Amino acid sequence: MSTVVALDIGSSSIAGVELKTARERVTLAKAAVEPLPPGLVHDGEIVRPDELAAEIKRFWRTARFSGKRVRLGVANQRVVVRTIELPFLDDDRERRAAVEFEAAEQIPIPPDQTVVDSQPVLRFANEAGERERHVVVAAHRDMVDGLVATVRQAGLQPTGIDLEAFAILRALLPPPMVIDEGSSDTPAVAVCHVGAEVTNMIVSVDRRCHFTRLVGFGGSHLTTAVAERTGLPIEEAEAVKTACGLLGDPLDGWDADTVAEVRHALALGARPLVREISRSLEYYRSQTFARPIGSLVISGGTSLCNGIDRYLQQGLGIPVVLGDPAGQLDSGGGLTPDLAARAAVALGLALDAPERS
Ligand SMILES: Nc1ncnc2c1ncn2[C@@H]1O[C@H](COP(=O)(O)OP(=O)(O)OP(=O)(O)O)[C@@H](O)[C@H]1O
Ligand SMILES: [Mg+2]
């Protein structure tokens with residue numbers, strides 16, 4: 001039996017998931033989410049490492065995760081993701097060298113300052129012959145080093161770091177059926193993980209990432225919109241936002257005028273999200289290899305905002321569904337919808353662990 005723990009350190013919260021694998025069955029052993037004090041992490045980057053290390057240490061102890069080994073995710077402006085296209089190469093070494101060469105051309109950071117990773121996402125043929133597309137991820141080395149140092153300061157041992165977008169796809173989408181893999185009929189699925197400050201926008205085919213972009217929008221912007229409209233302080237605006245949501249039945253304990261005001265503020269405040277998702281989908285659709293987009297799957301804390309699925313569906317004109325990370329586990333007992341939405345990244349990070357298989 002093997003055990004894997006992964007942490008997702010966000011701007012408003014820290015989420016952790018522990019998975020156990022025995023006889024090829026993957027079981028949720030633990031999942032936890034705790035709020036983080038504001039200001040330790042901003043837009044996906046660590047701002048106050050010492051305080052964050054203390055919080056991570058406390059979180060790990062309280063949740064009673066096993067061991068000290070941990071997998072981590074990154075998503076911030078210091079990670080560059082590009083798609084490159086190359087002639088198909090059978091030889092792994094030649095292919096790696098070609099990807100590295102092309103990546104160095106396309107990524108605007110000196111190679112000695114980056115940590116680069118890549119994965120093939122699509123093989124196809126055109127008039128130039130057999131081709132392959134790769135997603136290349138280049139992270140600033142000092143950002144990665146800073147994350148590793150903070151987690152070590154918390155007494156833990158980082159064993160792997162992955163792009164959040166890849167983890168989100170593993171958490172929310174089933175692995176492709178082998179028989180369908182590579183089929184040109186498979187539609188694309190868009191995925192949008194909306195946190196407190198940032199949104200991971202992804203378009204995938206067969207669970208592979210064909211496009212991803214980090215958008216500087218999250219639930220904190222909705223809270224601010226509510227605070228500005230109602231004049232309430234931020235903490236109260238947060239509570240009333242969560243209680244009202246965008247749609248739904250009238251609520252006990254809130255007068256109808258306040259609910260209407262809050263919903264109006266949320267509807268206006270969420271417009272940039274619709275705009276950014278639309279832009280991403282349009283960009284994807286403009287590429288020659290694009291497939292029709294069948295649906296949008298949402299996750300992250302802000303996906304819990306009542307009615308946001310219907311709101312996005314109306315704005316985007318495609319079906320929108322709430323992601324269900326428990327679907328990727330053989331036994332996901334204990335994963336409530338609230339935990340599932342907020343621990344999706346951590347779960348996807350834990351699903352990747354090579355030590356599991
Ligand atoms: N029921 C709910 N209704 C509306 N918003 C909610 C609800 N539950 C959580 N949220 C919002 O979700 C956000 C937190 O989500 P999450 O835990 O995914 O963020 P994070 O990982 O800390 O942030 P980020 O990834 O952006 O750094 C907050 O803005 C919070 O207000
Ligand atoms: Mg997050």
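Angles between axes under 35 degrees count as roughly parallel, those over 145 as roughly antiparallel, those from 65 to 115 as roughly perpendicular, and the rest as oblique. The structure described here is a predicted model, in which local features need pLDDT of at least 70 and side-chain atom pairs count only at pLDDT 80 or more, whereas totals for chains, interfaces and linings use all residues. Residues are numbered from 1 along each chain as its sequence is written, chains are lettered from A and ligands numbered from 1 in the order in which they are written, and side-chain values use heavy atoms, with hydrogens and water left out.

Helices (H or I, at least four residues) and strands (E, at least two) are DSSP runs, numbered from the N terminus. Helix H5 (residues 219-230) and helix H6 (residues 234-244) have axes that come within 8 Å and cross at roughly 105°, where axes are lines fitted to C-alpha atoms, for helices over the stretch in contact, and angles run from 0 to 180 degrees between N-to-C directions. H5 and H6 are therefore roughly perpendicular to each other. On the side of H5 the contact (heavy atoms within 4.5 Å) is made by Gly219, Leu222, Thr223, Thr224, Val226 and Ala227, while H6 contributes Ile234, Ala237, Glu238, Val240 and Lys241. These residues divide into 6 nonpolar, 3 polar and 2 charged, with Ala, Val, Leu, Ile, Met, Phe, Trp, Tyr, Cys and Pro counted as nonpolar, Asp, Glu, Lys and Arg as charged, and the others, Gly among them, as polar.

The domain assignment gives domain 1 (2-76 + 142-172 + 326-356) and domain 2 (187-323), the bounds coming from an automatic or database domain assignment. The C-alpha centres of domain 1 and domain 2 are 23 Å apart, and 22 residues of domain 1 are in contact with 20 residues of domain 2.

Ser204, in strand S12 (residues 199-205), is buried at a relative accessible area of 1%. Residues up to four places away in sequence being left out, Ser204 touches Leu169, Leu173, Pro187, Ala188, Val189 and His210. The C-alpha atoms of Ser204 and Thr224 are 20 residues apart along the chain and are separated by 32 Å.

Ile84, placed in strand S7 (residues 79-87), likewise counts as buried, at 1% relative accessibility. Its C-alpha atom is separated by 5.3 Å from that of His134, 50 residues apart along the chain, and His134 is among the contacts of Ile84 outside four places in sequence, which also include Val99, Ala103, Gln106 and Val136. In helix H7 (residues 256-269), Ala265 counts as buried at 4% relative accessibility and touches Ala225, Val226 and Arg229, not counting residues up to four places away in sequence.

Most residues other than glycine have a negative phi. In the loop between strand S2 (13-22) and strand S3 (25-35), however, Arg23 has a positive phi of about 45°, and Glu24, in the loop between S2 and S3, has a positive phi of about 65°. Arg23 is exposed, with a relative accessible area of 82%, and Glu24 counts as exposed at 76%. Ala326, by contrast, is partly exposed at 22%; this residue lies in the loop between strand S15 (320-322) and helix H10 (337-342), and its C-alpha atom is 8.6 Å from that of Leu28, although the two are 298 residues apart in sequence.

How values were computed:
Buried means under 20% relative accessible area, exposed over 50%, partly exposed in between (1.4 Å probe, protein chains only).
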